[in-house]
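Please open the model in your viewer and keep the sequence beside it, so that each selection can be followed in both. The tour below goes from one selection to the next.

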Amino acid sequence: MITYDRKTRRLCLPKLAVYDNTEDLLRNLIAMEITKRHGRLFAKYGIIMEELIKTEDDLAILEKDNIIENNLGTNQSLIGMWEHMCIDKRYDERMALMVNAIMVDYSSRWHRWRVEFHEKY
């Protein structure tokens, strides 16, 4: 389950161990969801991860917090896997609100000051 608590600014994601076949498996599960109309759980996870993982620093944070376990060999391989995972990004209302809240909090002046303070001290 993917949740975001705006009060505590905590995003909860399930742990994912990534192996050589993970990309194919996730793409097939996302395709099944789209064709069978079984919700969009895997698609939502893919969209969130695609938005979160842009650099090796982003990946390091997720690995440190045990959200991602990279068994692909290189960080670039894992970053590349997420770059185009969800080509058809359709947000439902709840997903759009969550993504918007995360991005607003992330880009806020308070967040930048807090990160800068934490890095210095």
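Begin with the largest nonpolar core of this predicted model, which has 25 residues; to find your way into it, select Met 49, Ile 53, Ile 68 and Trp 82, the residues with the most contacts inside this core. Next colour the elements β3 (16–18), α1 (22–36), α2, α3 (56–64), α4 and α5 (93–107), each of which supplies at least two residues of the core. In soluble globular proteins, nonpolar side chains tend to be buried together.

Now keep Trp 82 selected and show its surroundings: leaving aside neighbours within four places in sequence, Trp 82 is in contact with Leu 16, Leu 26, Tyr 45, Gly 46, Met 49, Glu 50 and Ile 53. Of these, turn to Tyr 45, which is buried, as is Trp 82.

How many aromatic pairs are there? The count comes to 1 aromatic pair, and it is formed by Tyr 45 and Trp 82, whose ring centres are 6.2 Å apart and whose planes stand at 70°, so the pair is edge-to-face. Because Tyr 45 belongs to helix α2 (residues 41–52) and Trp 82 to helix α4 (residues 75–83), the pair ties together parts that are 37 residues apart in sequence.

Finally, select Asn 70, in strand β4 (residues 68–70), which counts as buried because its relative accessibility is 19%, under the 20% limit. A polar atom of the Asn 70 side chain lies 2.9 Å from the backbone nitrogen of Leu 72, and a polar atom of that side chain lies 3.2 Å from the backbone oxygen of Thr 74. Beyond neighbours within four places in sequence, Asn 70 is in contact with Val 18, Leu 59, Glu 63, Asn 75 and Leu 78.

Key: Residues are numbered from 1 along each chain as its sequence is written. This is a predicted model: local features need pLDDT of at least 70, side-chain atom pairs count only at pLDDT 80 or more; totals for chains, interfaces and linings use all residues. Side-chain values use heavy atoms; hydrogens and water are left out. Helices (H or I, at least four residues) and strands (E, at least two) are DSSP runs, numbered from the N terminus. Buried means under 20% relative accessible area, exposed over 50%, partly exposed in between (1.4 Å probe, protein chains only). A polar contact is a pair of N or O atoms within 3.5 Å; within protein, one must be able to donate a hydrogen and the other to accept it, and residues adjacent in sequence count only if both atoms are side-chain atoms. Contact means heavy atoms within 4.5 Å. Rings of Phe, Tyr and Trp (its six-membered ring) pair if their centres lie within 6.5 Å; planes under 30 degrees apart count as stacked, over 60 as edge-to-face and the rest as tilted. A nonpolar core is a set of buried Ala, Val, Leu, Ile, Met, Phe, Trp, Tyr and Cys residues joined through side-chain atoms within 4.5 Å.
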